[in-house]
There are 2 protein chains.
Amino acid sequence: MTAADKPMFERLALIGIGLIGSSISHAARRHGGLVGEIVGSSATEKTRQTALRLGLVDTAYATAKEAVTGADLVIVCTPVGVCGRIASDIAAHLQPGAIVSDVGSVKSAIVADMGPHIPEGVHFVPGHPIAGTEHSGPEAGYAELFDGRWTILTPPEGVDAAATEKLKAFWLGLGSKVEVMTPEHHDLVLAITSHLPHLIAFNIVNTAEHLKRVTDSEVIQFSAGGFRDFTRIAASDPTMWRDIFLNNKDAVLHMLKRFGEDLSVLQGAIRDDDGDTLFRLFSEAREVRRGIIEAGQDTASPDFGRLARPKSAPENG
Amino acid sequence: MTAADKPMFERLALIGIGLIGSSISHAARRHGGLVGEIVGSSATEKTRQTALRLGLVDTAYATAKEAVTGADLVIVCTPVGVCGRIASDIAAHLQPGAIVSDVGSVKSAIVADMGPHIPEGVHFVPGHPIAGTEHSGPEAGYAELFDGRWTILTPPEGVDAAATEKLKAFWLGLGSKVEVMTPEHHDLVLAITSHLPHLIAFNIVNTAEHLKRVTDSEVIQFSAGGFRDFTRIAASDPTMWRDIFLNNKDAVLHMLKRFGEDLSVLQGAIRDDDGDTLFRLFSEAREVRRGIIEAGQDTASPDFGRLARPKSAPENG
């Protein structure tokens, strides 16, 4: 590599190498010009070995502070609940001018937990790629995970605009689209588009489990009627989600209240045989799907295309 | 076709030619030995023309009574709410020895609405294939829709066992697996595995729509975090779902009550920062997903495999 080909970042440190960390590595390698060296840290010996075996990192460290030493980009890819402790651990080892970011699904709590530890001269630009699957761990990642998805950056007030721009360019290079907003607005938007759906999914799966008059095996056997979709979302990492709900409490409780009010209307309509109200609300909901497909945020293929696309299945309905 | 190759049914009449009716036609044609002639009825001229153009039916009638004349298998594939009226319309035209069935997602109401009209000597065996997509209409169907899915038959007491067996063989021929149970038990099982999930999905999509502090475009833009999965379910046919909720009222309201109780537990755990309870409930929910994949009722591919399966994506996580 000549000086003219200097990568955007010399040394990327991934703190935590799970689904997101490993996907960042795959996507950065795919691009070529984003990073020179990629190092990572995990407290788990097996994760370090896997990360080395898959070539996700050039060096795997047991501690975060070793990994961040000499890095000009640090991305914390751990559950939200430990980000504050990590920021405290790495603070003294951060290189002046480095950018520190994260990938957590809540942002106000990250700013509050990590922000105070970040030293003067280091740029703190929290981020959240809205991408993922229900799988976890270093083997779950892949280069295309961020393609066409949105990453939200939430720089706290006073952060160097050039640092935000540079991190934005990095995420664009990973294949993502990028939006910048305040941490508070992020948390409100995600509460409805992600946190509440997950909470509801976890809950309905558990309701099914707790029924006495329907057996577990029946719930599984006949799940194709809708239930199985909820179980996919509810298969997401429990530690990650525990931390999300504890760290976006107010927004989630607010959305839950709205959800409950709306559900009471549906419940009442069913009870009172009010077919017109049901039809109207169901029709409105159908329109939203159209918008998501037009925005390129989901496939129009029936059933997510999960039927392995038989020849006779229409691509669009 | 020689006498030895006589098909299982000489003339299949499909009353209503939407997603399910058209898929039955495709799957029956694929098998070859199940039916001789396929006829259908639809009150909508455009549907009749489409059905003829796609070869779904040999003859398309405007009325159900014309279609059932001479048929030895009649399957009513309309929204649940009109099945009673159809049974009344066709009653005088049914051939002795014919089997009359349906595909509705509720069964007690179907038995109550259709049963009284079915004349002596005609076998009434209600059915429900647990298969579908969010798309509707005669062009949405395809031959593989029922492959590996379950169809539940709910013969009322006193129905000829041979008729139930014959209809079972027909559904097996379409690629489905078949279970027999009482209408009441069917309605309870489906209330949790299908009806409640759909109600919740409709509701959360509408909650998102009604928010003032998050714009519609943001909800759509950032939907990949979980919300978009709900919108797929909520894109299902509004008329069909209105009828389901009005016709399985008691079981749905019962499940909704259980769901609300469980949701209160989660809500309380978030409010009280009770991370242990959240982690435990989320872990339990994750296990259910495993069971569904092991039972062959969903794909293990991450994100339903909807990423068009890039080479670097793992098939299993």
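This is a predicted model: local features need pLDDT of at least 70, side-chain atom pairs count only at pLDDT 80 or more; totals for chains, interfaces and linings use all residues.
**Notes on a two-chain model**

1. Let's begin with how the two chains relate.

2. Next, look at where the chains touch. Chain A brings 101 residues to the contact, and chain B brings 101 residues as well. On the chain A side, at least two residues come from each of these helices: H7 (183-209), H8 (216-221), H9 (227-233), H10 (238-247), H11 (249-271) and H12 (275-294). H7(A) gives the largest share of that side, 19 residues.

3. What classes of residue make up the side of chain A that touches chain B? There are 54 nonpolar, 25 polar and 22 charged residues on that side.

4. Do compare the two partners. Of the interface residues of chain A, 100% are also interface residues in chain B, so the copies meet through the same surface.

5. Now turn to the sheet in chain B. Six strands form an open sheet with parallel pairing, in the order E3-E2-E1-E4-E5-E6. Which strands of chain B stand at the edges? They are E3 (59-61) and E6 (123-124); each has a single partner strand, so one side of each is left without a neighbour in the sheet.

6. Strand E5 (residues 99-102) of chain B pairs with E6(B) in the parallel sense, over two bridges. To find this pairing in the structure, look for Val100(B), which stands opposite Phe124(B) in E6(B).

Technical notes. Residues are numbered from 1 along each chain as its sequence is written. Chains are lettered from A and ligands numbered from 1 in the order in which they are written. Two residues are in contact if their C-beta atoms, placed from the backbone, lie within 7 Å. Helices (H or I, at least four residues) and strands (E, at least two) are DSSP runs, numbered from the N terminus. Ala, Val, Leu, Ile, Met, Phe, Trp, Tyr, Cys and Pro count as nonpolar, Asp, Glu, Lys and Arg as charged, and the others, Gly among them, as polar. Two strands pair if DSSP finds at least two bridges between them.
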